[in-house]
Amino acid sequence: MLESKRMEELASKVVVVGAGGHAKVCIELLRSMGQQVSYCVGASGGPSRCLDVPVLQGDEHLQRMRQRGASRAFIAIGVNATRHRLANEVLHLGYELVNAISPHAVVSPSAILGTGVAVMANAVVNADTRIGNVAIINTGATVDHDCVLADAVHVGPRCGIAGGVRIGAFSFLGIGCSVIPDITLGASVKVGAGAVVVGDIPDSVTAVGVPAKAIGSPITGNCVT
């Protein structure tokens, strides 16, 4: 009977995967939604606590926690590829990925969000925008109408994404950058802090500056102009 009660308690709480600075923000974000966090699962040799949450060191604890009744998880890892990989692992183990959306964010009722998404305080997601799985819309970022963000995109703090922008999977937009309307950014693009994107950017390109230019690449046609 006691074991059954413990399993029910674990099932109602969230296991946070990650134990660094980003995890601290996500723990507080989940709590602001009224969610309880049971444990963090972090890397071997890492901290024993994340804020006041005990940390289980080593990914093998994900399976052990699942066997004990844990069923809800959130991936609090800033690195896009790692976050996506761990999300697939916990889904394979049978966890449900929850979203972490600040009550101080504004998310349009017509926006569509995937699973495992973080929307931080003072962020805005406007009408008919689609946000892929395990994306991060960080503090104070704005994503305007009719945008499409693929899986594991990270929009940094105070970024401004105008209407109709498309961003490919695993792309990262640094703090305070801007993207003008109807631009397409490919997969695994990196945009530097404070950059202003006024042209399309192909896959796997790093672009910096005002206007944003590809590092080490000539500017041709309508690409990163």
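pLDDT is the predictor's confidence in each residue, on a scale from 0 to 100. In this predicted model, the protein averages a pLDDT of 93, and 92% of the residues score at least 70. One stretch to treat separately is residues 218-225, where pLDDT stays under 50. For that stretch, the model has 20 contacts beyond four places in sequence.

Helix α2 takes up residues 21-32, twelve in number. A simple length check works out here: at 1.5 Å a residue the helix should span 16 Å, and its end C-alpha atoms sit 17 Å apart, which agrees. The buried residues of α2 are His22, Ala23, Cys26, Ile27, Leu29 and Leu30. Looking down the axis of α2, these buried residues fall within an arc of 165°, so they line one face of the helix. After α2 comes Gly34, and its phi is positive, near 90°.

Now for a loop position, Ala127. Ala127 sits in the loop between β11 (124-125) and β12 (130-131). With a relative accessible area of 35%, Ala127 counts as partly exposed, because the buried class stops under 20% and the exposed class starts over 50%. Setting aside neighbours within four places in sequence, Ala127 is in contact with Ser108, Ser110, His145 and Asp146. As for Gly163, this residue is 36 residues from Ala127 along the chain, and the C-alpha atoms of the two are separated by 9.4 Å.

How values were computed:
Residues numbered from 1 in each chain as written. Predicted model: local features only at pLDDT ≥ 70, side-chain atom pairs only at ≥ 80, totals over all residues. Heavy atoms only, no water. Contact = heavy atoms within 4.5 Å. Helix = DSSP H or I, 4+ residues; strand = E, 2+ residues; numbered from the N terminus. Buried < 20%, exposed > 50% of the residue type's maximum accessible area, 1.4 Å probe, protein only. Expected span 1.5 Å × (residues − 1). Arc of directions from axis to C-beta.
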